[in-house]
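Hi everyone, thanks for making time this morning. Let me put the structure up on the screen, and then we'll walk through it together.

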2 protein chains.
Amino acid sequence: MFSKACEYGIRAATFLASCSETGERKNLKQIAEACDAPEAFTAKILQILSKEDLISSIKGAFGGYEISTHKLKDIKLSHIVKAIDGDNIYKGCGLGLAQCNEKKPCPLHFQFKSIRDELKIMLESTSLWELAHELKDGTALLKR
Amino acid sequence: MFSKACEYGIRAATFLASCSETGERKNLKQIAEACDAPEAFTAKILQILSKEDLISSIKGAFGGYEISTHKLKDIKLSHIVKAIDGDNIYKGCGLGLAQCNEKKPCPLHFQFKSIRDELKIMLESTSLWELAHELKDGTALLKR
DNA sequence: TTTAATTCAGATAACCTTGTCCGATTAATT
DNA sequence: AATTAATCGGACAAGGTTATCTGAATTAAA
């Protein structure tokens with residue numbers, strides 16, 4: 001479904017969100033550890049999220065990453081996914097046809113449509129704030 | 001969503017199904033052309049489908065590929081997808097966690113569940129016969 | 001001002017997926 | 001029996017994704 005990079009990205013953003021609410025800044029090592037993700041690769045992904053202004057990075061000693069508290073409810077999963085994987089996941093044709101639409105559909109077009117739409121709605125309506133709270137509640141986990 | 005191999009595989013199987021109903025055997029070249037897929041790569045995919053007994057291959061002159069008519073309604077999309085991509089698409093965790101279930105879910109588990117279930121049901125209930133008929137009707141196309 | 005802790009950027013390695021090539025095998029036709 | 005049209009199987013090439021490494025830049029604290 002998502003690329004590995006995107007999986008790590010969502011995990012990292014969720015963890016960061018859960019810390020940022022209480023003002024805890026985290027560095028690369030802590031994030032990678034908490035997300036059970038490879039450190040150097042996670043660094044690359046955090047760079048992307050930072051450039052897209054979804055998280056903020058603070059350089060230098062005692063630096064790290066954080067998310068502005070006021071953004072937490074505005075940042076949706078769709079923003080993270082789009083930044084890392086692009087939007088092909090709900091725009092592209094299920095069978096990979098260059099052109100596929102209602103007028104000239106692939107044989108799977110209509111069967112796929114409702115699923116892609118549901119996915120889109122889910123990603124666009126789920127906020128980092130929401131995910132972060134599942135972590136804090138202990139209702140959900142990021143490592144196993 | 002699906003790998004390129006799987007996209008080609010579904011296209012090829014759909015095309016083959018639409019021909020097999022009228023007893024038309026097709027060879028690699030014809031299939032690749034009809035599906036707008038690279039020939040040599042398509043050959044590999046047809047081999048997989050053949051080994052999984054989803055299509056039958058006939059060697060030698062005037063050979064090619066076909067699908068037993070009586071199987072057309074029984075072969076579901078899920079069979080093709082599982083043969084090529086495996087079943088991670090509806091079994092795996094959306095965030096890539098090794099263990100993720102109702103008891104110990106990832107933060108996205110429940111939001112994903114309905115989508116994955118819907119996808120599973122769609123793949124398991126859509127038959128090659130159904131897709132093939134969309135092609136024949138002209139309601140759907142495989143190339144653009 | 002030096003040191004230490006950090007992110008950033010670019011190069012590169014490892015691995016997987018995608019895609020090609022070719023010789024061996026098979027089977028129908030001549 | 002020879003020829004031709006096909007699949008099969010293995011090796012290999014190309015490209016993309018995943019992952020690592022390293023030196024430069026930045027910033028806070030000592």
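Let me start with how copies are compared: they are superposed by least squares on the C-alpha atoms of residues with pLDDT of at least 70 in both. Chain A lands on chain B by a rotation of 180 degrees with 0.0 Å of shift along its axis, and the RMSD is 0.0 Å. The two copies are thus related as by a two-fold rotation axis. Which residue of chain A comes closest to the rotation axis? That is A:Met1, with its C-alpha at 2.5 Å.

A quick word on the ground rules. What you see is a predicted model, where local features need pLDDT of at least 70, side-chain atom pairs count only at pLDDT 80 or more, and totals for chains, interfaces and linings use all residues. Residues are numbered from 1 along each chain as its sequence is written, while chains are lettered from A and ligands numbered from 1 in the order in which they are written.

Now, chain A by itself. Its secondary structure comes to seven helices and two strands; helices (H or I, at least four residues) and strands (E, at least two) are DSSP runs, numbered from the N terminus. Reading from the N terminus, the order is α-α-α-β-β-α-α-α-α. The C-alpha atoms fill a box of roughly 55 × 30 × 30 Å along the principal axes. Of the 144 residues in chain A, 42% are buried. Buried here says that 20 or more other C-beta atoms lie within 10 Å of the residue's own; exposed is 12 or fewer, partly exposed is in between, and the C-beta atoms are placed from the backbone.

Contacts come next: two residues are in contact if their C-beta atoms, placed from the backbone, lie within 7 Å. In chain A, among contacts between residues at least 6 apart in sequence, 69% join residues at least 24 apart.

On to where the two chains meet. The contact takes 33 residues from chain A and 33 residues from chain B. On the side of chain A that touches chain B, H1, H6 and helix H7 (128–137) each give two or more residues, and H6(A) has the largest share, six residues. By class, that side divides into 19 nonpolar, seven polar and seven charged residues. For those classes, Ala, Val, Leu, Ile, Met, Phe, Trp, Tyr, Cys and Pro count as nonpolar, Asp, Glu, Lys and Arg as charged, and the others, Gly among them, as polar. The copies meet through the same surface, because 100% of the interface residues of chain A are also interface residues in chain B.

Let's zoom in on H6 in chain B. Its buried residues are B:His109, B:Gln111, B:Phe112, B:Ile115, B:Leu119 and B:Leu123. Seen down the helix axis, they fall within an arc of 140 degrees, so they line one face of H6(B); the arc is that of the directions from the helix axis to the C-beta atoms. The face turned away from that buried side carries the exposed residues B:Ser114, B:Asp117 and B:Ser125. And what covers the buried residues? The cover includes H6 of chain A, together with helix H4 (77–85) and helix H5 (88–91) of chain B.

H7(A) is worth a stop too. The buried residues of H7(A) pack against H1 of chain A. Take A:Leu131, in helix H7 of chain A: it counts as buried because it has 27 C-beta neighbours inside 10 Å. Leaving out residues up to four places away in sequence, A:Leu131 touches A:Thr14, A:Ala17, A:Thr126, B:Pro107 and B:Leu108. Just after H7(A), A:Gly138 takes a positive phi of about 85 degrees.

Last, the DNA. A residue is near a strand if its C-beta atom, placed from the backbone, lies within 6 Å of it. Around DNA strand C there are 26 residues, with A:Ser57, B:Lys4, B:Pro38, B:Ala40 and B:Gly60 coming nearest. The surface near DNA strand C has twelve nonpolar, nine polar and five charged residues. For DNA strand D, 26 residues surround it, and the closest are A:Lys4, A:Pro38, A:Ala40, A:Gly60 and B:Ser57. Elements giving two or more residues to that surface are helix H1 (4–20) and H3 of chain A, together with H3 and strand E2 (64–66) of chain B.
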